[in-house]
Amino acid sequence: MITRIKELPDNMVGFLATDEVSAKDFIDVVMPEVEKFIEKKDKLNYMLVIETDLAKFSTGAWFQDALMGVKTITKWHRAAIVYDSQSIQNFTEVFSKIMIGEFKGFDKKDYDTAVKWTSEQINL
């Protein structure tokens, strides 16, 4: 399941992934919120906090996540993935080299730093 994180600065949008994550989560929750956010701000500062095992993301969820990236490719500014995995953090930062915008991985203990970085309050 994916839910929107409400308690964030207004220049970013964030989501929390828990339990099983399906394509429907991205279609019904993430994409409409991202589209509304881009309409208002014209750029995307995005954070995904993962509090489930990556194996619980369905193939369709990964596909929808990738599709969202392609559909909004010119709008990405900053994206943070918060998950306790060095390999995911490394992948996220490598991804930053091939995508428009900046992408960073953060440990869960660094949630506040992830919010500050994603919302452009700090540079790292």
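Q: Does Tyr46 count as buried or exposed?
A: This is a predicted model, where local features need pLDDT of at least 70 and side-chain atom pairs count only at pLDDT 80 or more, while totals for chains, interfaces and linings use all residues. Residues are numbered from 1 along each chain as its sequence is written, and side-chain values use heavy atoms, with hydrogens and water left out. Buried means under 20% relative accessible area, exposed over 50% and partly exposed in between (1.4 Å probe, protein chains only). At 3% relative accessibility, Tyr46 therefore counts as buried.

Q: Which kind of pair do the rings of Tyr46 and Trp76 form?
A: Rings of Phe, Tyr and Trp (its six-membered ring) pair if their centres lie within 6.5 Å; planes under 30 degrees apart count as stacked, over 60 as edge-to-face and the rest as tilted. The centres of Tyr46 and Trp76 are 5.3 Å apart and their planes stand at 75 degrees, so this pair is edge-to-face.

Q: How many residues apart in sequence are the parts tied together by Tyr46 and Trp76?
A: Helices (H or I, at least four residues) and strands (E, at least two) are DSSP runs, numbered from the N terminus. Tyr46 lies in strand β3 and Trp76 in strand β4, so their pair ties together parts whose separation is 30 residues.

Q: What kind of pair do Phe15 and Tyr46 make?
A: The structure holds 5 aromatic pairs. For Phe15 and Tyr46, the ring centres are 5.8 Å apart and the planes are at 40 degrees, so the pair is tilted.

Q: Which residues form one aromatic cluster?
A: Phe15 is buried, with a relative accessible area of 0%. Tyr46 and Trp76 are buried too. The cluster is made up of Phe15, Tyr46, Trp76 and Phe103.

Q: Where do the buried residues of α4 sit around the axis?
A: In helix α4 (residues 111–118), the buried residues are Ala114, Val115, Trp117 and Thr118. The arc, taken from the directions from the helix axis to the C-beta atoms, is only 165 degrees, which puts these residues on the same side of α4.

Q: What is the bridge partner of Ile81 in β5?
A: Two strands pair if DSSP finds at least two bridges between them, and β4 and β5 pair in the parallel sense over 5 bridges. Strand β5 is mostly covered, with 4 of its 5 residues buried. Within β5, the bridge partner of Ile81 is Gly105.
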